[in-house]
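Thanks for coming. I will go through a few side chains, starting with aromatic rings. Please have a look at the model first.

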Amino acid sequence: MSDAVLFDARPDGIAVITLNRPETRNCLARDVREGLGEAWDRFERDPALRVAILTGAGDKAFCAGGDLKEMVETGMAVPPRDMFPLPYDTVELTKPTIAAVNGVAFAGGWMLAQACDLCVAATHARFAITEVKVGRSSPWAAPLIHMIPQRIMMEILLTGRPITAARAHEIGLVNRLAEPGDLMDAALELAGEVLEGAPLSVRAARETVMLATEMGRSAALKAARHASEHCYRSEDAQEGPRAFAEKRRPRWRGR
């Protein structure tokens, strides 16, 4: 991997992925896109890694969005479908991800934060979908309707005005807030809470949430039951109750 995206595979099972172009506010230039794609692939393929945290270098920007200079130079019209390495969209992932937003998350930066399963934001962070300001569009924002109310989504997209981290937390876009110096600790704490769960249970839980956003009630229930069978039949499904009865911490095997 190049130094455009840093990858830290921690021994506790957490991967920390850092967009490392603070001088350009971590915008999604080609080298960042390529590095991020490689990072997601590495995370997915490593069985020792169970949760990923995505953040940006510096304290001013998580990601300021796409590279507008590149768009001008290439005369870009409709972006290629696979241009941006988005978790659970253009990139196949089966593990949970957390965005640790350490500054502005504008346009493509919001897109990345939205694509992650969970989001922790520094109190000085700001979020905006700014495409209307530069004549572009934001089809990737469609799933946002499952996260925030319609009228609020409409205002955000139609005006392009930034919202504060506090407002993002208020409307349900952000899970937790932290002071800037405590952001990574807060993200690691949240990742650690996810790690306490049985791996197959976490995977089934994540699938259940996504199925519920994509299907009607009856269809989602049926699909979620099917997605949970592997978890129910696992060794961990016996280990969890046994550990509880024996008043000890469970020893998850992930099988």
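Let me start with Phe-127, which is buried, with a relative accessible area of 0%. Buried here means under 20% relative accessible area, exposed over 50%, and partly exposed in between, using a 1.4 Å probe and protein chains only. This is a predicted model, where local features need pLDDT of at least 70, side-chain atom pairs count only at pLDDT 80 or more, and totals for chains, interfaces and linings use all residues. Residues are numbered from 1 along each chain as its sequence is written, and side-chain values use heavy atoms, leaving out hydrogens and water.

Searching the whole structure gives one aromatic pair. Its ring centres, in Trp-110 and Phe-127, are 6.0 Å apart with planes at 85°, so it is edge-to-face. For Phe, Tyr and Trp (its six-membered ring), a pair needs centres within 6.5 Å; planes under 30 degrees apart are stacked, over 60 edge-to-face, and the rest tilted. Trp-110 also counts as buried, at 0% relative accessibility.

Next, charges over rings. Arg-206 sits over the face of Tyr-88, 3.6 Å from the ring centre. The criterion is NZ of Lys or CZ of Arg within 6 Å of the ring centre and within 35 degrees of the ring normal.
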